[in-house]
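The entries below are in the order I made them.

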Amino acid sequence: MADEELEALRQRRLGEIRAEHGDPSADPSQQEAKQREAEIRNTILAQVLDQAARARLSNLALVKPDKAKAVENYLIQMARFGQLAGKVSEQGLIEILEKVSQQTEKKTTVKIIFLLI
C-alpha cells in the first residue's frame, strides 16, 4: 500500500471513531449546518421578540435550557404560520412561558407503603 492510501484509511477510520463518540469536530458539514440553523433561529427570534422579551428568554436559557428551547420552537412555529401580529412583548412572552409550563408540568406522586414484619 502506498503511504497516501494508508493515510487516507487512517483519516477515514479516525473520522468514524470520532463520529461514534459524538466528537463535534468529526464532520465539518454538520457543524456548518448546526451553525446555520442557529443563525436562522436567532434571526427569526430577533424579528418576533422585542428587546426585553429577548433578554428574558436569554436569562431563561441560562437556567432552564430545555424550557427555553421549547419556547423558542413555539415562537418560531407561530411566526412561520403567521400567528404573530407583531413583536412579542415581555408580558406576551411571560404568558407563553406559563402555557409551556402548564403543558410540560410534571406531577409527582409519592406512595408510602408500610411493611409490617
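**Entry 1: salt bridges.** I counted 2 salt bridges, taking a salt bridge to be a side-chain nitrogen of Lys or Arg within 4 Å of a carboxyl oxygen of Asp or Glu. This is a predicted model, in which local features need pLDDT of at least 70 and side-chain atom pairs count only at pLDDT 80 or more, while totals for chains, interfaces and linings use all residues. Residues are numbered from 1 along each chain as its sequence is written, and side-chain values use heavy atoms, with hydrogens and water left out.

**Entry 2: E72 and R41.** I looked up the salt bridge between E72 and R41 and found 3.0 Å between the closest N and O atoms. The pair links distant parts of the chain, with E72 in helix α4 (residues 65–80) and R41 in helix α2 (residues 28–48), 31 residues apart. I take helices (H or I, at least four residues) and strands (E, at least two) as DSSP runs, numbered from the N terminus.

Are these two residues buried or exposed? Both E72 and R41 are buried; the term means under 20% relative accessible area, with exposed over 50% and partly exposed in between (1.4 Å probe, protein chains only). The relative accessible area is 17% for E72 and 12% for R41.

**Entry 3: what surrounds the pair.** I listed contacts, meaning heavy atoms within 4.5 Å. Leaving aside neighbours within four places in sequence, R41 is in contact with K69, E72, N73 and I76. With residues up to four places away not counted, E72 touches R41, L45 and L57. I also noted that R41 and I76 are 35 residues apart in sequence, while their C-alpha atoms are 7.5 Å apart in space.

One of the contacts of R41 is N73, which I found in helix α4. N73 counts as partly exposed, at 37% relative accessibility. From N73 to A33, 40 residues away along the chain, the C-alpha separation is 17 Å.

**Entry 4: E90 and R56.** For the salt bridge of E90 with R56, I noted 2.8 Å between the closest N and O atoms. E90 lies in helix α5 (residues 90–104) and R56 in helix α3 (residues 51–63), so the pair ties together parts that are 34 residues apart in sequence. E90 is partly exposed at 29% relative accessibility, and R56 is partly exposed at 32%.

**Entry 5: the whole chain.** How many helices and strands does the protein chain have? I found 5 helices and 0 strands, in the order α-α-α-α-α from the N terminus on. The radius of gyration is 23 Å, well over the 13 Å that the globule rule gives for 117 residues, so the chain is more spread out than a compact globule. That radius is taken over C-alpha atoms, and the globule rule is 2.2 Å times the number of residues to the power 0.38. Along its principal axes the C-alpha trace spans about 65 × 65 × 25 Å.

I found that buried residues make up 18% of the 117 residues. Of the contacts between residues at least 6 apart in sequence, 61% join residues at least 24 apart.
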